[in-house]
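Could you look over this model with me? My notes are below the structure.

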Amino acid sequence: MQNTNLWWKERVVYQIYPRSFQDSNGDGIGDIPGIISRLDELAALGIGIIWLSPVYRSPDADNGYDISDYRSIDPRFGTMDDMDALIAEARKRDIKIIMDLVINHTSDEHEWFQKSRDKNSPYRDYYIWQPPKGGVHGQGRKSQPNNWTSFFMEDVWEFDEQSGEYYLHLFHKKQPDLNYKNPKVIEEIKGILRFWLDKGIAGFRCDVINIIYKTSLADGKQRGILPGMEWYKSQEGNHAILQELRRDVLDKYDCFTVGETVMVDLDEAKALCDTGRKELDMLFYFEHLEVDRRISRFIPKKFKAEKLLAVFTKWQQGLEWNAVYLENHDQPRIVSHYGVDEVPGILWFRSATLLAILEFTLRGTPFIYQGQEIGMTNFDFTSLDQVKDVESHNLNRLMKRYHIPAFLRWKWLKASSRDNARTPVQWSAEDGAGFTTGTPWLGINRNYKRINYASQKKCRGSILDYYKKLIALRAGSETLKYGEFKPIGSKGGIIAYERTLGDETWTVLLNFSRKPAGTAFLEKTATGSLLIRSSSTIAFSNADRKELTETLLPYEALVLKE
Ligand code: ISL
Ligand code: CA
């Protein structure tokens, strides 16, 4: 197999959402000194790369994904000296850092945009400006330049009185989209990349990177949730930009990129990460998190394990290399989504470890999101005032407009709100969960006394202990890292697959159901000696496999090696 042993294939990534990770000064907001104080914990866990969600200067309309200065650190997170210290301290522990690169849009408070509002400014073409349709503003959507709609369920066009035109924003109105038809914009981005790479940053997670180039501003023909998508999703011009950034900048450094790509299909993804084309090294797709979702990720449908296996089979076999993840700052907690979050409880424990086993037995670079390693759950919101996420509020407004009854709106919001993943990390059972001595910026989950880092650290066989052991297991196994993925079968909540390299085979059986389930349906019997069993601590034994694999307990996972 080609290209093995690259450090970004060997290592495990840990995503830090800074404002919720660790507060160091009691203002209730996580910060960079807080991250430094936890580096030893992360090193002990065995991770080798940190992905840092945005810490750049930002007015915070979208929690830092609206950047007003790409070369400075927001005071709420610390200073550039703190950032330099973080890079140095991480390096001492052999941990590399990748930054979030948010370049589809800037903040409207970015200097470029402020200057761009002047029609005669050389910055005018940094953004996408259009006159009102028919020349008259003020007729609502009719005056807007086209029929596109935004990812945040609002208009994509905002009228600017100063210059008498609209600007495009695929996300929040405080996030104007950059104009990638302007070569000057691309040069600016190259400068930003060099700035961070020269500081010792090891790569980038590239926000919504397959929609930055807009081929046309014509109306979208397809109806559906995002009309207009055909003019900006995975366009030829987008590929060209990624190739240029790679050729002119990224390839000159020892770094990698992972793209967040929205609504990609397998063919688009292949083009974006084909090693020969030199665009991205890997990407995040969403399909595996949407097997129980309808058209939009807000509307649920029944989970089917068979579907999950089919989705993984498609991507595992379709791409040369995967970015494997189950959680991030935009998604509900995985144990609440595909597992059981009744806490404390055996099913919570077992499903959290089953999901860990799933993640570490797939082929690709694993990404853990902060708190996933202790089985943190969705937040038990009791009212909308507890929710801060702009997307959730917009969604609620939209659903109201469509007369969706309050109880349903609330149910869907609770399950899908991005704030589920954004509550502070539960470090201990102390007040403030060891996250802050002050008032946290977002509520702390009430279950922090039962689910926290300190208690799991003390306990062999805890979820945290599983993650540690799985990380070590993967590090020591070429088959887990590079072996081929083959599905075995799925029925009644069980999914089974194997990983093979040379004459070694690892077989994985996962029961995604609340009922015990039999494996008799499998075309192939699982063989090998038992390595992991999620209903106990990690086992390394040669117990009778037949007895062990005929029936799986609810949410039990087994891994056998031959
Ligand atoms: O999370 C989503 C749906 O709820 C996605 O549509 C999400 O908005 C999309 O994946 C883009 O996410 C990224 O860019 C956004 C930012 O709000 C997200 O936090 C970021 O991950 C705009 O920069
Ligand atoms: Ca702070």
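The points below cover the sheets and their neighbours.

1. This is a predicted model: local features need pLDDT of at least 70, side-chain atom pairs count only at pLDDT 80 or more, and totals for chains, interfaces and linings use all residues. Residues are numbered from 1 along each chain as its sequence is written, chains are lettered from A and ligands numbered from 1 in the order in which they are written, and side-chain values use heavy atoms, without hydrogens and water.

2. Start with the open sheet. Eight strands build it with parallel pairing, in the order β11-β10-β9-β5-β2-β1-β13-β12. From one strand to the next, the twist averages 25°. Strands (E, at least two residues) and helices (H or I, at least four) are DSSP runs, numbered from the N terminus. Pairing requires at least two DSSP bridges between two strands.

3. Look next at β5 (residues 96–101). Three bridges tie β5 to β9 (residues 203–206), and the two run parallel. L101 sits opposite C206 in β9.

4. Now turn to β8 (residues 165–168). E165 and Y167 on one side, and Y166 and L168 on the other, are all buried (under 20% relative accessible area, 1.4 Å probe, protein chains only). β6 (residues 129–130) pairs antiparallel with β8 over two bridges. There, W129 stands opposite Y167.

5. Finish with the hairpin. β7 and β8 form it, with four residues between them. Four bridges join antiparallel β7 (residues 157–160) and β8. D160 has E165 as its bridge partner. In the turn, G164 has a positive phi of about 70°.

Technical notes. Axes are lines fitted to C-alpha atoms, for helices over the stretch in contact, and angles run from 0 to 180 degrees between N-to-C directions. Buried means under 20% relative accessible area, exposed over 50%, partly exposed in between (1.4 Å probe, protein chains only).
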